[in-house]
Amino acid sequence: MSVGVILRFPPQVAAELQSWRASFGDPMAEVIPAHITLVTTTFTDDWEATSEHVRAVAKQQEPFTVTIRGTGTFRPVSPVVFLRVDQGFTDCVWLHEQLQAGPLERELPFSFHPHVTIAHDVAPESLDAAETVLKDYEVSFPVASMGLYQHDQDGIWQLREELDFGNQTDTAGGAALPD
């Protein structure tokens, strides 16, 4: 089976970012909600060991604030424009490093770089537009949990468990809403 671990966003932020992604013609905008990937598609034979590992990492992490600010791109290596993770970057890197151990350990083809994909596999003009239109975009929100996902038989990501950080209670689907 394959699993992934992500940080979800407050519903209003997720909806806004999905709308932007759709406006650039990204066909995955309707299928993939806005998120920050901590562990990309990783195969595991032991669900119990994997979920216990992810739970243990979640307990070590305290809630933190994420600020997404401005755009970046992985071009020419990959046709992707993303929003940069500014505040919360080191928390995301720490989580990734802790999660990529034990049952989820594997070599990655690229260095981990926390980001929010905003345009992927679209025409170069659409990538340019995404990079320009959102260059001044900024939003902040607290994050109190991470989601453990599994591919189902149809290859669709299914949330198996939302894991609260530390002793916090998840009340808003992965992120607390700002006041």
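Figure 1. The model is predicted: local features need pLDDT of at least 70, side-chain atom pairs count only at pLDDT 80 or more, and totals for chains, interfaces and linings use all residues. Residues are numbered from 1 along each chain as its sequence is written, and side-chain values use heavy atoms, with hydrogens and water left out. Arg8 forms a salt bridge with Glu162, the closest N and O atoms being 3.3 Å apart; the term denotes a side-chain nitrogen of Lys or Arg within 4 Å of a carboxyl oxygen of Asp or Glu. Because Arg8 belongs to strand 1 (residues 2-8) and Glu162 to strand 8, the pair ties together parts 154 residues apart in sequence. Glu162, at 19% relative accessibility, counts as buried.

**Figure 2. Salt bridge between Arg55 and Glu161.** The two side chains meet at 2.7 Å, N to O. Arg55 lies in helix 2 (residues 47-60) and Glu161 in strand 8, so this contact ties together parts that are 106 residues apart in sequence. Both count as partly exposed, Arg55 at 27% relative accessibility and Glu161 at 22%. Helices (H or I, at least four residues) and strands (E, at least two) are DSSP runs, numbered from the N terminus.

**Figure 3. Salt bridge between Glu131 and Arg75.** The N to O distance in this pair is 2.8 Å. Glu131 is in helix 4 (residues 124-133) and Arg75 in the loop between strand 3 and strand 4 (80-85), so parts 56 residues apart in sequence are tied together. Elsewhere, salt bridges that share partners join Glu48, Arg55 and Glu161 into one network.

Figure 4. Strand 7 (residues 145-151) and strand 8 (residues 157-164) run antiparallel and are joined by seven bridges; strands pair if DSSP finds at least two bridges between them. Ser145 has Asp164 in strand 8 as its bridge partner. Five residues separate the strands of the hairpin, and Gly155 in the turn has a positive phi of about 80°.

**Figure 5. Charged end of Arg160 over the ring of Trp47.** The charged end of Arg160 is 4.0 Å from the centre of the Trp47 ring. This arrangement requires NZ of Lys or CZ of Arg within 6 Å of the ring centre and within 35 degrees of the ring normal.

Note on methods:
Buried means under 20% relative accessible area, exposed over 50%, partly exposed in between (1.4 Å probe, protein chains only).
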